[in-house]
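Here are a few exercises to work through with the model open beside you. Try each task before reading its solution.

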Amino acid sequence: MVVVTGPADEVIGLVSSLIRFDTSNTGDPATTKGEGECARWVQTQLEEVGYDCEYLEAGALNRGNVFARLPGADPSRGALMIHGHLDVVPAEPADWSVHPFSGAVCDGYVWGRGAVDMKDMCGMMIAVARHFKREGIVPPRDLVFAFVSDEEHGGTYGANWLVDNRPDLFHGVTEAIGEVGGFSLTVPRRDGGDRRLYLIETAEKGLSWMRLTARGRAGHGSMVHDDNAVTAIAEAVAKLGRHQFPLVLSDTVEQFLTAVAEETGYSFDVDSPDLEGSIAKLGGIARIVGATLRDTANPTMLKAGYKANVIPQTAEAMVDCRVLPGRKEAFEREVDALIGPDVVRSWERDLPSYETTFDGDLVDQMNASLLALDPDARTVPYMLSGGTDAKSFQRLGIRCFGFIPLRLPPELDFAALFHGTDERVPVDALEFGAQVLQHFLEHC
């Protein structure tokens, strides 16, 4: 029998159990398994120690969401929400070293889909919430634990639906923490040795899925056609896909590069023709950082025609657009100039960018909690190139941060694990994270 004395003692088992629920989100309601069973299990773990939970679904879709509130010592203070999503992207078992929904614990890691995105945080949340109830710990202010669905497809049945239909669940919430931040990045010091930087997410690019539509004259494939929709859409997609948008350094990215330069001595000269080369020295995280230097528009899908000898009347393309804070109007103008007047664009999904400042009591407490467990830590802000549920919560005026504390081995390519094969999280990183999260929530 395992004696539980703190969050670190049960977090491994909780994360492993969460991974064993296949909550794959394909984006298609017909094939998405749903989070209901997993959400009900989370509810049971919290109610077992005395929480009053609310389970919610956006219709009869098995898209479960669970909320629990722990009253704090000072009800006049704004509440802090700690949120995590229960859905994961699909995984193909044949591509993995272990079954992606086994939750296997071996070789010092917990393996499986969701290990870092983001059932690691959900497990930490449950572990700390249970510890507080068992020990009668009263946090400085109200804590709202939110386990939501559908983050991997924009939050239609999760965060977006909850904000639109149940704003009462967020009563008094002024700040929130979730993904993707708080993990360590080990860099070489200019004077020798290494330094662990903990990246706190204070900004993220907008997430917009753009549909391009070209219309032409239908006809027989054997004849001459100067009004071919397929040709028009192909030309527009090629121009957009090859285009490099202008370099724009947001406050967050500039602060991040400055901090890294102070530690390493690397030069991140924005006028250098090899700025991307300098950033590449940061290892795997360079894929994220590099994508926050400018807007991106990546064609992802093409659709046209129904027979080889028939020229179709319409052709379509989907483009995944990630836009920097404050750049939406300029981005649209640049896109319009590239695709030309004969191709029409529309937004299939359009979630805004987000940026907050790297200051305030909550940031100070993140820093203090990390230093308590890792005295050589340094916290720095960074921008996420992807998107999170913070895009929905910001609509309620909630100030959002990415803070999932993980002390990672320097050789681990953490960025590659998100949506990748053999997704896994180090056991000792989870135990470290649970302790930091406990310290943080006891003093926030």
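**Exercise 1. Find where Arg-130 sits and decide whether it is buried or exposed.**

Step 1: Arg-130 belongs to helix H3, which covers residues 119-135; helices here are DSSP runs of H or I with at least four residues, strands are runs of E with at least two, and both are numbered from the N terminus.

Step 2: The relative accessibility of Arg-130 is 8%, so this residue counts as buried. Buried means under 20% relative accessible area, exposed means over 50%, and partly exposed lies in between, with a 1.4 Å probe and protein chains only.

Step 3: Now look for its partners, taking contact as heavy atoms within 4.5 Å. Leaving aside neighbours within four places in sequence, Arg-130 is in contact with Glu-10, Gln-45, Glu-48, Val-49 and Tyr-51.

A word on the source: this is a predicted model, in which local features need pLDDT of at least 70 and side-chain atom pairs count only at pLDDT 80 or more, while totals for chains, interfaces and linings use all residues. Residues are numbered from 1 along each chain as its sequence is written, and side-chain values use heavy atoms, with hydrogens and water left out.

**Exercise 2. Describe the surroundings of Glu-175 and name its polar partner.**

Step 1: Glu-175 is part of strand E7, residues 173-178.

Step 2: With 14% relative accessibility, Glu-175 is counted as buried.

Step 3: Not counting residues up to four places away in sequence, Glu-175 touches Ala-79, Leu-80, Met-81, Arg-141, Leu-362, Ile-398 and Arg-399.

Step 4: Among these, Arg-141 makes a side-chain to side-chain polar contact with Glu-175 at 2.7 Å. A polar contact is a pair of N or O atoms within 3.5 Å; within protein, one must be able to donate a hydrogen and the other to accept it, and residues adjacent in sequence count only if both atoms are side-chain atoms.

**Exercise 3. Step back: how many helices and strands does the protein chain have?**

Step 1: The protein chain has 13 helices and 19 strands.

Step 2: Of its 444 residues, 56% count as buried.
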